Amino acid sequence: MSKRITGQIEIIGAQFEEIKKSIGTISEYAEKINEYSVESLSDLFTIIFGGAINLSASDIHIEPEEKQARIRIRLDGILQDVLFVEKELYQRINSRIKLLSGIKINIENRPQDGRFSIVEKSSNLAIEIRTSTLPAEHGESIVMRVLNPEVLIDLEELGLRKDLLKIVEHQVKQPHGMIVVTGPTGSGKTTTLYAFCKKVKKPELKIITIEDPIEYHINGISQTQTKPEKGYTFASGLKSIMRQDPDIILVGEIRDTETVNTALQAALTGHLVLTTLHTNDAAGVVARLTALGADIANIGPAINMVIAQRLVRKVCSKCKKLKTISEKQLEIFQRELKDIIKVDSKTKIPEAVGCPECNMTGYKGRKGLFEILLIDEEFEKYIFAKPSVAQIREKAKEMGMTTIKQDGLIRVLEGHTTFEEIERITGE
């Protein structure tokens, strides 16, 4: 059914079209895996990966238990059970995945990482699969991240409100300074940085990235990957990139003192630096950079904008219903949005129902929630006084920043998601 070589699986167009027609729900996916489990592993892998791609899964999880193994996929950020397979089939799948991923088959007592690609031959679309194995009680737990280049989107498709989109479009065109995108793992930070690069790339600009690893390849951009074992880290790589005369530098993540100080110096000396940081919100960036060893005197002058983001599930358009807002919900909306949008007891908001189209979850697809902190001269002076995170947050709100929670509640009123989903992401 598919051609396989080490490090690559090839699926021809007709086979992929067949999978698209036959696998539209998780139950159909489970049926097909079950059906092909007695066939060759090549055919089974075509179903496993082709089905996951067609369902827009971001990850495939294979988790061994005492007598069987569970297969799950992550859809719209939520893990969904697919089916259980026999332990003997799990062992065969495990060995083949390790072979494809270029990791050692005979090592089972320590974590390993690898990768391979799936090529859809008719369109020559290459989808990278990043593999991670982890020793567990009943065998090795396998997680495969599906890096589909078709998920790369333009800046206008990120889901920014119109007023925020104008701010971002202006900032990414600045000749120097730093833009920091922050949020937890899986919140879409890399997608946002790539959208920035796609927006600004043109022949007269040199854009160089340093990433760990390179998740998606973009034409017209010089992308490099860290190799700590060879001495090419974020810090050393950034110094080397500076000697390449770039206009824009993308640093996958700021993790240590040397990287943060080099990145800030690059932003202060005529380069636009795009990077990510792990903090809970935009206000936490200053404290995090200081904790990493950045000089407070450089943070304000270097940073142009901080974006904090989360991903929320969009309510399924096929089955959603509108319901009247409850008294408790009305109180929250009025408190959070009192100076932004008027909400009364007659307001209706979406309710997730569930249908075959959304695998009975009530949600289909995801959308970004954002808060943007602009560092102008006034805020730069404020940062220099070393305020607390809470003080920075209040100051930003005074200057007009809409928080992630407020952005989420606005999205509920616009009919894009549900109140329950916003509470799941931002807390009650």
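Start with the lining of the second largest pocket, whose residues divide into five nonpolar, six polar and ten charged. Here Ala, Val, Leu, Ile, Met, Phe, Trp, Tyr, Cys and Pro count as nonpolar, Asp, Glu, Lys and Arg as charged, and the others, Gly among them, as polar. A pocket is an open set of points on a 1 Å grid over the protein atoms alone, with protein on both sides within 12 Å along at least five of seven lines; lining residues have an atom within 4 Å of a point.

Before you click further, note that this is a predicted model: local features need pLDDT of at least 70, side-chain atom pairs count only at pLDDT 80 or more, and totals for chains, interfaces and linings use all residues. Residues are numbered from 1 along each chain as its sequence is written, and side-chain values use heavy atoms, with hydrogens and water left out.

**Stop 1: the second largest pocket**

Select E336, K397, T402, T403 and Q406, which are the closest to the pocket's centre of the 21 residues that line it. The space here is about 510 Å³, a volume being the space filled by probe spheres set on grid points joined across faces, edges and corners. Now colour helix 11, helix 13 (389-398), helix 14 and helix 15: each supplies at least two residues of the lining. Helix 14 gives the most, with three residues. Helices (H or I, at least four residues) and strands (E, at least two) are DSSP runs, numbered from the N terminus.

**Stop 2: helix 14**

Next, select residues 404-413. Nine of the ten residues in helix 14 are buried, meaning under 20% relative accessible area with a 1.4 Å probe and protein chains only. Among them are I404, L409, I410 and V412, along with K405, D407 and R411. What do these buried residues pack against? Show strand 14, helix 11 (327-336), strand 16 (348-351), strand 17 (363-374) and helix 15 (419-426). Contact means heavy atoms within 4.5 Å. Just past the end of helix 14, look at G415, which takes a positive phi of about 90 degrees.

**Stop 3**

Move on to helix 15, where the buried residues are F419, E421, I422 and E423. Their cover includes strand 14, helix 11, strand 16, strand 17 and helix 14. After helix 15 comes G427, again with a positive phi, near 90 degrees.

Now pick Q329, in helix 11. Q329 is buried, at a relative accessible area of 8%. Leaving aside residues up to four places away in sequence, Q329 touches K323, I349, F419 and E420.

**Stop 4: the cavity**

Select V285, V286, I299, I303, V306, L373, I375 and I383 to see the lining of the largest cavity. A cavity is a set of grid points where a 1.4 Å probe fits but cannot get out. This one has a volume of about 30 Å³, and its lining is made of eight nonpolar residues, with no polar and no charged ones.

**Stop 5: helices 2 and 3**

Finish at residues 26-36 and 41-54. Helix 2 and helix 3 pack at an angle of about 170 degrees, their axes 9 Å apart. Axes are lines fitted to C-alpha atoms over the stretch in contact, and angles run from 0 to 180 degrees between N-to-C directions. The pair is therefore roughly antiparallel, the word for angles over 145 degrees. To see the contact, show Y29, K32, I33 and Y36 of helix 2 with D43, L44, I47, I48, G51 and A52 of helix 3.

Definitions and conventions
Buried means under 20% relative accessible area, exposed over 50%, partly exposed in between (1.4 Å probe, protein chains only). Angles under 35 degrees count as roughly parallel, over 145 as roughly antiparallel, 65 to 115 as roughly perpendicular and the rest as oblique.
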